[in-house]
Amino acid sequence: MKKLGFVWGALALLAVFATSAGFAATAKEAPATVTIDDCVVKKAAVEFPHGTHAEKIACNACHHTQENLKADSTEEVATCASCHTAPEKAETPKCSEMSLTKNPFHLGCVNCHKEEVKKDATIKAPTKCDDCHPKG
Ligand code: HEC
Ligand code: HEC
Ligand code: HEC
Ligand code: HEC
């Protein structure tokens with residue numbers, strides 16, 4: 001029975017990889033919405049309207065390691081989590097951080113929203129914790 005347990009364990013692991021950071025999608029498979037949950041521990045997963053952002057903002061503003069990424073590119077797109085979950089260098093921002101200055105999503109998402117809201121207070125760009133991490 002030990003062997004069977006191992007097989008099921010491996011299958012379960014594969015399923016986890018298939019739905020999260022494991023297999024990279026190409027630009028044409030860019031998601032309309034993404035549930036960002038690879039680092040969830042303390043807070044709820046974040047619903048990200050990817051399509052509306054990708055229409056207005058250059059791909060490489062967020063996918064900063066793929067300089068030439070465009071909507072019609074054929075290259076595979078690495079998830080943020082593939083590099084920001086357990087980065088090689090201590091100074092690279094980690095997605096498990098609570099801090100607004102040490103989490104790559106806080107640095108990327110929250111800082112842009114703050115700047116945009118400063119320019120136009122009528123836009124809906126969340127800057128408060130609970131607006132991105134809904135309370136259960
Ligand atoms: C405002 C930031 C932002 C912009 C702009 C953006 N993306 Fe993304 N994209 C993300 C985030 C965040 C994810 C989710 C990554 C994760 O789960 O770690 C993502 C995921 C993806 C994925 C799925 C990756 C995978 O393997 O599952 C593809 C494909 C993608 N983006 C392509 C694009 C393309 C093409 C553009 C430009 C037309 C673009 N993105 C613009 C932030 C952005
Ligand atoms: C613009 C949206 C946004 C705002 C505002 C925001 N966060 Fe996050 N936060 C994220 C995203 C995206 C992640 C990455 C989640 C993941 O990868 O699982 C994250 C990750 C986290 C994590 C690590 C993952 C976990 O569940 O433990 C903590 C803790 C966290 N945020 C706390 C906060 C707190 C506290 C605030 C307010 C000071 C805040 N966040 C504001 C988007 C946001
Ligand atoms: C191939 C690995 C890799 C991928 C994929 C990646 N990053 Fe990064 N990121 C890094 C590294 C390494 C750093 C540290 C600074 C540097 O060397 O550029 C970094 C730095 C950052 C920073 C901090 C920049 C600053 O101002 O200090 C932010 C924000 C960030 N990444 C967000 C993201 C987001 C959002 C995604 C997905 C859309 C993403 N990264 C995908 C490797 C990656
Ligand atoms: C470069 C700037 C920029 C970045 C980076 C960015 N956003 Fe936004 N986001 C905006 C703007 C601008 C709006 C308001 C759009 C509008 O009102 O037309 C917005 C709106 C939103 C909304 C509200 C949508 C609605 O209709 O209620 C959510 C949720 C959101 N962003 C999540 C995120 C998350 C999560 C990230 C990081 C993965 C992120 N954003 C990164 C600029 C940005």
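Modeller: Before we start, helices and strands here are DSSP runs, numbered from the N terminus. And keep in mind that this is a predicted model.

Colleague: Got it. Which element gives the largest share of the shell around ligand 2?

Modeller: That's α5, with five residues.

Colleague: And how many residues surround ligand 2, and which are the closest?

Modeller: There are 25 around ligand 2, and the closest are Cys 39, His 106, Cys 129, Cys 132 and His 133.

Colleague: What about polar backbone atoms, say on Lys 42?

Modeller: One from Lys 42 sits 2.8 Å from an oxygen atom of ligand 2. Val 40 also puts a backbone N or O atom 3.0 Å from a ligand 2 oxygen, and for Asp 38 the distance is 3.4 Å. As for elements, α5 (104–119) and α6 (129–132) are the ones giving two or more residues to that shell.

Colleague: How does the shell around ligand 2 divide into nonpolar, polar and charged?

Modeller: You get 13 nonpolar, six polar and six charged residues.

Colleague: Switching to ligand 1: which residues are the closest there?

Modeller: Ala 25, His 50, Cys 59, Cys 62 and His 63, out of 27 that surround ligand 1.

Colleague: What does the side chain of His 63 do with a nitrogen atom of ligand 1?

Modeller: An N or O atom of that His 63 side chain lies 2.9 Å from the ligand nitrogen. On the backbone side, Ala 25 has an N or O atom 2.8 Å from an oxygen of ligand 1, and Ala 81 has one at 3.3 Å.

Colleague: Which element gives the largest share of that shell?

Modeller: α2, with three residues.

Notes: Residues are numbered from 1 along each chain as its sequence is written. Chains are lettered from A and ligands numbered from 1 in the order in which they are written. This is a predicted model: local features need pLDDT of at least 70, side-chain atom pairs count only at pLDDT 80 or more; totals for chains, interfaces and linings use all residues. Side-chain values use heavy atoms; hydrogens and water are left out. A residue is near a molecule or strand if one of its heavy atoms lies within 4 Å of it. A polar contact is a pair of N or O atoms within 3.5 Å; within protein, one must be able to donate a hydrogen and the other to accept it, and residues adjacent in sequence count only if both atoms are side-chain atoms. Helices (H or I, at least four residues) and strands (E, at least two) are DSSP runs, numbered from the N terminus. Ala, Val, Leu, Ile, Met, Phe, Trp, Tyr, Cys and Pro count as nonpolar, Asp, Glu, Lys and Arg as charged, and the others, Gly among them, as polar.
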